[in-house]
Amino acid sequence: MNNNVAVLQVGPLMQTVQDTVAEVYGGVRLPDSAAGQAKFLARHGHTFDVAVTSGRFGVKTELMRALPNLRAVVNFGVGYDTTDTRQAAERGIAVSNTPDVLNDCVADTAIALYVDVLRRTSAADRYVRRGDWVRKGNFPLATKASGKRVGILGLGRIGKVIARRLEGFDCTISYHNRNKAAGVTYDYASSPLELARKSDVLIVAAAGGPESVHVVDREVIEALGPGGYLVNIARGSVVDEQALVAALLAGHLGGAGLDVFADEPKVPQDLLSLDNVVLLPHLGSGTSETRAAMAELTLANLAQFAADRTLVTPVP
Ligand code: 8YV
């Protein structure tokens with residue numbers, strides 16, 4: 001047993017991670033119910049110095065306050081917007097995530113949504129299954145996916161891989177980041193609105209968190225227009241979901257491919273009946289290969305913190 005750290009597990013984790021946390025570190029899992037948590041934290045909160053969690057749960061403001069001796073949050077997932085990083089910085093609590101190992105799979109998911117929403121492959125699959133091919137004849141024409149003007153909102157690690165994949169589709173790539181990205185030749189747009197105005201398809205790959213909430217608002221969505229498309233593989237919070245639903249219902253946007261939502265796993269009811277929308281259950285990184293790599297990096301962070309109080313992949 002490694003007794004150098006006292007580990008609290010927050011939320012469910014991959015079985016291999018849970019097993020290691022329990023068996024190697026004697027980690028304890030936070031109860032699920034609010035009442036159970038309150039009782040547990042009042043009694044044991046002060047005993048933990050590391051929390052291991054995932055992007056789905058994180059260590060939010062109140063939970064972090066209830067862990068007065070916390071020194072590190074080890075997060076399974078590249079996104080850590082569910083953890084109160086401001087409080088962590090104030091209290092000197094280190095936070096790690098799992099960057100890079102999931103770039104390929106999340107980018108692949110973006111491309112899958114991109115091709116699907118433009119070429120309407122999921123809708124066409126439903127058409128065949130319903131018997132409409134026999135009943136109604138040929139499926140209506142779709143939109144060409146190659147050669148489009150694609151705007152990437154958030155040209156970070158994942159955004160760059162998406163861009164590289166789209167070069168293979170002969171697309172013209174533009175992007176918006178708060179600052180110009182070094183070493184890229186893609187066109188820079190000074191705002192999300194300017195990016196949308198010059199794009200047929202906007203792909204959202206920006207990190208979640210307080211600074212990116214509703215960066216894709218009604219104006220940005222409507223700038224894409226009835227012939228435009230939105231793909232989101234980042235976080236639901238980045239897009240004003242109500243404005244998106246309204247634009248789709250009014251025909252102000254051509255379609256959307258969504259892997260993430262504002263209040264997962266809830267998906268706005270109105271989207272379920274729209275054939276020009278592709279809905280995925282937040283599976284961006286969800287392959288056995290990538291999840292195994294994420295698990296390994298999560299455990300490497302925990303092991304290193306136990307050994308020398310540093311992390312392998314700390315967030316900035
Ligand atoms: C994970 C993700 O499914 O890494 C991320 O930020 O959104 C996904 O890869 C999720 O974080 C696991 O909880």
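**Notes on the core, the ligand site and some local details**

1. The largest nonpolar core takes in 48 residues, and Val50, Val52, Tyr114, Ile152, Ile162, Leu166 and Ile203 are those with the most contacts inside it. Helix α5, which spans residues 103-119, supplies the largest share of this core, with eight residues. The core lies between domain 1 (7-101 + 289-308) and domain 2 (103-279), because both domains give residues to it. Please keep in mind as you read on that this is a predicted model.

2. Now to the ligand. Which residues are the closest to it? They are Val78, Gly79, Arg235, His282 and Ser285, out of 13 residues that surround the ligand. By residue class, the shell around the ligand divides into six polar, four nonpolar and three charged residues.

3. His282 places a polar side-chain atom 2.7 Å from an oxygen atom of the ligand. For Gly79 the backbone is involved: one of its N or O atoms lies 2.8 Å from a ligand oxygen. Arg291 also has a polar side-chain atom by a ligand oxygen, at 3.1 Å. How much of the ligand's accessible area does the protein cover? On its own the ligand has 320 Å² of accessible area, and the protein covers 92% of that.

4. Next, a histidine away from the list above. His176 sits in strand β7, residues 172-176. Is His176 buried or exposed? Its relative accessible area is 12%, so His176 counts as buried, the limit being under 20%. The side chain of His176 reaches the backbone oxygen of Ala189, at a distance of 2.8 Å.

5. Two glutamines also deserve a look. Gln9 belongs to strand β1 (residues 7-9), and with a relative accessible area of 5% it is buried. The side chain of Gln9 reaches the backbone oxygen of Gly11 at 2.9 Å. Gln18 is part of helix α1, residues 15-25; it is buried too, with a relative accessible area of 16%. From Gln18 to Gly208 there are 190 residues in sequence, and their C-alpha atoms are 26 Å apart in space.

6. Most peptide bonds are trans, and most residues other than glycine have a negative phi. Where is there a cis peptide bond? One joins Glu264 and Pro265, with omega at about 5 degrees. Pro265 lies in the loop that runs between β11 (255-258) and α12 (269-272).

7. Two residues have a positive phi. For Asp170, phi is near 55 degrees, a positive value in a residue other than glycine. Asp170 is in the loop between α8 (157-167) and β7, and it is exposed, with a relative accessible area of 59%. Phi of His214 is likewise positive, near 55 degrees, and His214 is not a glycine either. The loop between β9 (201-204) and α10 (218-224) holds His214. Is His214 buried, exposed or partly exposed? It counts as partly exposed, with 39% relative accessibility.

Conventions
Residues are numbered from 1 along each chain as its sequence is written. This is a predicted model: local features need pLDDT of at least 70, side-chain atom pairs count only at pLDDT 80 or more; totals for chains, interfaces and linings use all residues. Side-chain values use heavy atoms; hydrogens and water are left out. A residue is near a molecule or strand if one of its heavy atoms lies within 4 Å of it. A polar contact is a pair of N or O atoms within 3.5 Å; within protein, one must be able to donate a hydrogen and the other to accept it, and residues adjacent in sequence count only if both atoms are side-chain atoms. Accessible areas come from the Shrake-Rupley method with a 1.4 Å probe; for residues, only the protein chains shown count as cover. Ala, Val, Leu, Ile, Met, Phe, Trp, Tyr, Cys and Pro count as nonpolar, Asp, Glu, Lys and Arg as charged, and the others, Gly among them, as polar. A nonpolar core is a set of buried Ala, Val, Leu, Ile, Met, Phe, Trp, Tyr and Cys residues joined through side-chain atoms within 4.5 Å. Buried means under 20% relative accessible area, exposed over 50%, partly exposed in between (1.4 Å probe, protein chains only). Helices (H or I, at least four residues) and strands (E, at least two) are DSSP runs, numbered from the N terminus. Domain bounds come from an automatic or database domain assignment.
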